[in-house]
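Colleague: I would like to learn how to read the contact between two chains in a model. Could we go through it step by step?

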Protein chains: 2
Amino acid sequence: LAALPKLAVVLISTRNPLNIGAAARAMSNFGFTDLRLVSPYSEAWKEARSAVGAAAVLAKAQVYESLAAAISGCRLVVGTASLGHRDLRLDVRRLEHGARMIRKDAGPVAILFGSEKYGLSNEDLSRCHWLLRIPTSAEHESMNLGQAVALVLYELIRNPRTPQRQYKPRKATAEVLERMEEILGEMLRASGYTQAKTEASSLLKLRRLLRRMNLSARDAEIVLGMLRQIRWKSKVG
Amino acid sequence: LAALPKLAVVLISTRNPLNIGAAARAMSNFGFTDLRLVSPYSEAWKEARSAVGAAAVLAKAQVYESLAAAISGCRLVVGTASLGHRDLRLDVRRLEHGARMIRKDAGPVAILFGSEKYGLSNEDLSRCHWLLRIPTSAEHESMNLGQAVALVLYELIRNPRTPQRQYKPRKATAEVLERMEEILGEMLRASGYTQAKTEASSLLKLRRLLRRMNLSARDAEIVLGMLRQIRWKSKVG
């Protein structure tokens, strides 16, 4: 994944301090630090309760009186928009594609989020090079502000080229499976589950079943221990 | 994009009703409807304030006393986890990969989210087939619950194969660009910007500049109108 351009999250006229906190927290989660606030409604934004782990981002956040001041220095300004903005004659890109364009940009980039109630104003939109749209359903289009910030930042750091699994358990070896088969086969014979006539086919089914279980080395050892204990107890009992 | 399997969002021991509302809202945004709550802490969850547009999901939500009851009928149970769960000997998949596996699954699928404070308990985790991890930074790993739900559901409906642009403006035709060049060239000559000696090279630069602007048909008409008006006024004045 190429290095991301410098990126500022710009929240405009945010009403609910909780949303500023949530945006700051998502920024911390995904490694972004430059939060800019344009005329937030409440002076209480710094005390936002949901800002667990976002103290550093909030402490560094800058407040501006105008959007023009907040985006000074940025070379790409991207607004977040809903389907309702389709008639603006601005390019509207779905998040999947737009994030890719932002990643490729030389930056600095500003991403704008409007107020909870009204979104971005026409005045704000006129300062955008293009718009980003989160692909929500047409019936329930409007997203929570903190969630929208989290989604946009996640899409920016998203990397499908990481290893598929974080933890790869080693599989059971063939010998261990043979040993399990042997003990289980013996127990099934002793219990009368398998009959002399059908024993061969039953054991074949058992062998396949054990392979389908796709046991890890460790789990196979646990199962083997259980089987041994049960066999021992049933012989004693 | 293949049809998604049936999918339930299961919130376990959620403390903050706002988070239940936020989860329900994200479900509405991305077209999911099956919300299951295991022993939520507050009876007030249905009144969650942030549940704008999530009324239908909340009204349908079921409350269960145990996780076992909540996941009854599900064939794949996926927990959401953080890096701290690496030692559980459960497969931990990054969201990008895990979501792909869920999309391919026949379902029904349950996705579990633990409480804000403690996440999923060992008891909860023991009912999971594998774990999903949102790739947050190691220093600020813990996500807000509502944001985590939104991210997981977004990744499930994410579709990079949609058209790149929602709105494709038609570009200006070559004739319109020629006309702009002609009028601008005339104005630049009249104003003394271009000199007889360098006029040819100035016009070449202008022609290239006009192409780099990559104007839409509509914007080109607007600019042309502006130029005509300015030329007319300056002749009159």
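Predicted model: local features only at pLDDT ≥ 70, side-chain atom pairs only at ≥ 80, totals over all residues.

Colleague: How is the size of an interface expressed, and what area is buried between chain A and chain B?

Modeller: The size of an interface is often given as the accessible area lost when the parts come together. Here the area buried between chain A and chain B is about 4,500 Å², and carbon and sulfur atoms give 47% of that area. Counted by residues, 50 residues of chain A are in contact with 50 residues of chain B.

Colleague: How many residue pairs are in polar contact between the two chains, and which elements of chain A give two or more residues to the side that touches chain B?

Modeller: There are 22 residue pairs in polar contact between chain A and chain B, both residues of a pair being at pLDDT 80 or more. On the side of chain A that touches chain B, the elements giving two or more residues are α1 (17-30), β5 (92-94), α4 (95-104) and α6 (145-157) of chain A. The element that gives the most is α1(A), with eight residues. By residue type, that side of chain A divides into 19 nonpolar, 16 polar and 15 charged residues.

Colleague: What rotation superposes chain A on chain B?

Modeller: Chain A is superposed on chain B by a rotation of 180° with 0.0 Å of shift along its axis, at an RMSD of 0.1 Å. That is the relation of a two-fold axis. Moreover, 100% of the interface residues of chain A are also interface residues in chain B, so the copies meet through the same surface.

Colleague: Which residue of chain A comes closest to the rotation axis, and is that residue buried or exposed?

Modeller: That residue is A:Q147, whose C-alpha lies 2.5 Å from the axis. A:Q147 is placed in helix α6 of chain A, and at 1% relative accessibility A:Q147 counts as buried. Among the residues that A:Q147 touches are B:Q147, B:G146 and B:A150, together with B:A22, B:A23 and B:A26. For a contrasting case, take B:A56 in helix α2 (residues 55-60) of chain B, which is exposed, with a relative accessible area of 53%.

Colleague: How should I read the salt bridges, and how many does the rule find across the interface?

Modeller: Side chains of opposite charge can pair when their charged atoms come close. The structure holds 22 salt bridges over all chains, and across the interface of chain A and chain B the rule finds two. In one salt bridge, B:R158 pairs with A:E155, their closest N and O atoms being 2.7 Å apart. B:R158 lies in the loop between α6 (145-157) and α7 (174-191) of chain B, whereas A:E155 lies in helix α6 of chain A, so the pair joins two chains. B:R158 is buried, with a relative accessible area of 9%, and A:E155 also counts as buried, at 0% relative accessibility.

Colleague: Where else do side chains meet in a salt bridge, and are the partners buried or exposed?

Modeller: In chain B, the side chains of B:R93 and B:D91 meet in a salt bridge at 3.3 Å, N to O, and both B:R93 and B:D91 are buried. The side chains of B:D34 and B:R36 meet at 2.8 Å, N to O; here B:D34 is partly exposed, at a relative accessible area of 25%, while B:R36 is buried, at 13%. In chain A, salt bridges that share partners join A:E178, A:E181, A:R207 and A:R211 into one network.

Notes: Residues numbered from 1 in each chain as written. Chains lettered and ligands numbered in written order. Heavy atoms only, no water. Contact = heavy atoms within 4.5 Å. Buried area = accessible area lost by both parts, 1.4 Å probe. Salt bridge = Lys/Arg side-chain N within 4 Å of Asp/Glu carboxyl O. Polar contact = N/O pair within 3.5 Å; in protein donor to acceptor, adjacent residues only side chain to side chain. Helix = DSSP H or I, 4+ residues; strand = E, 2+ residues; numbered from the N terminus. Nonpolar A, V, L, I, M, F, W, Y, C, P; charged D, E, K, R; others polar. Least-squares fit on C-alpha atoms with pLDDT ≥ 70 in both. Buried < 20%, exposed > 50% of the residue type's maximum accessible area, 1.4 Å probe, protein only. Lists of a residue's contacts leave out its neighbours within four places in sequence.
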